[in-house]
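Let's take a friendly walk through one protein model. Have the sequence and the 3D view ready, and look up each residue as you read.

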Amino acid sequence: MPRKFFVGGNFKMNGVADSLSSIVANLNAAQVDPNTEVVIAPPSLYLLLVRQLADPKFAVSAQNVFDKPNGAFTGEVSVEQLRDAKIDWTIVGHSERRTILKEDDDFVARKTKAAIEGGLNVILCIGESLEDREADKTLDVVTRQLNAVAGVLSKEQWAKVVIAYEPIWAIGTGKVATTQQAQEVHATIRKWLADKISPEASDNTRVIYGGSVSEKNCRDLAKEPDVDGFLVGGASLKPAFVDIINSNI
Ligand code: PGA
């Protein structure tokens, strides 16, 4: 079974009810590749609205979730609450949360585990800073981030994970990774899956790229053998998102 192409739209902290409704209406009306799995992640306040408006063929994802089931955790959203709202996915470990909100590898790992055990699928974000890349530490950093998650998940639970490789220097900067840079890291992740998890996890886990993906660069990236789709920020708010969804046709 080939890996199903996967495109996620991370709206981040953008949009209000009106603008998000029209983004979803455009998406509902678009011709999208039926062989691509599409998941959109609106701000948490609008998860219910977007789930209600989006065509059922589109999955809806939270941008974050907490690792505890319930209780005195002001401002957080639980796995159970997401499931109750018919949300099937969550992003975990986005670099904006790792850097701005100071989430560390262990916290990201605990959230990944809680999400999967509660029945969610996870888009697990990993990626190096510019400083790491310039110091030739890219592969060490992504392996360290993955090892933390491997420490808490069973081998079978990897079936619920999509790994998003997102170099921090490429996010929101317009400076996309080259096809070679993406393929090199994706191939390393696939080898890590084979060595640390299982041959099945290596064959079946989607490894998607994120960081300044646009309608202009998506087709070349999609041709790389280990690029199984994209996590799209800025461009997911625009009509160009449909071209990115269809980049694998
Ligand atoms: P970008 O964001 O496409 O705006 O670079 C990607 C992401 O952060 O997921």
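The side chain of Ser198 reaches the backbone nitrogen of Ala201, at a distance of 3.0 Å. This is a predicted model, so keep in mind that you are looking at a prediction.

Is Ser198 buried or exposed? Ser198 counts as buried because its relative accessibility is 11%, and buried means under 20%.

Now turn to the ligand. The ligand is surrounded by 13 residues, and the closest are Lys12, His94, Glu166, Gly172 and Ser212.

| Residue | Part of the residue | Distance to a ligand oxygen atom |
|---|---|---|
| Lys12 | N or O atom in the side chain | 2.7 Å |
| Gly172 | backbone N or O atom | 2.6 Å |
| Gly233 | polar backbone atom | 2.8 Å |

How much of the ligand's accessible area does the protein cover? On its own the ligand has 280 Å² of accessible area, and the protein covers 94% of it. To find the place in your 3D view, search for the second largest pocket, where the ligand sits.

Definitions and conventions
Residues are numbered from 1 along each chain as its sequence is written. This is a predicted model: local features need pLDDT of at least 70, side-chain atom pairs count only at pLDDT 80 or more; totals for chains, interfaces and linings use all residues. Side-chain values use heavy atoms; hydrogens and water are left out. A residue is near a molecule or strand if one of its heavy atoms lies within 4 Å of it. A polar contact is a pair of N or O atoms within 3.5 Å; within protein, one must be able to donate a hydrogen and the other to accept it, and residues adjacent in sequence count only if both atoms are side-chain atoms. Accessible areas come from the Shrake-Rupley method with a 1.4 Å probe; for residues, only the protein chains shown count as cover. On a 1 Å grid over the protein atoms alone, a cavity is a set of points where a 1.4 Å probe fits but cannot get out, and a pocket is an open set with protein on both sides within 12 Å along at least five of seven lines; lining residues have an atom within 4 Å of a point. A molecule sits in a cavity or pocket if more than half of its atoms lie within 2 Å of its grid points. Buried means under 20% relative accessible area, exposed over 50%, partly exposed in between (1.4 Å probe, protein chains only).
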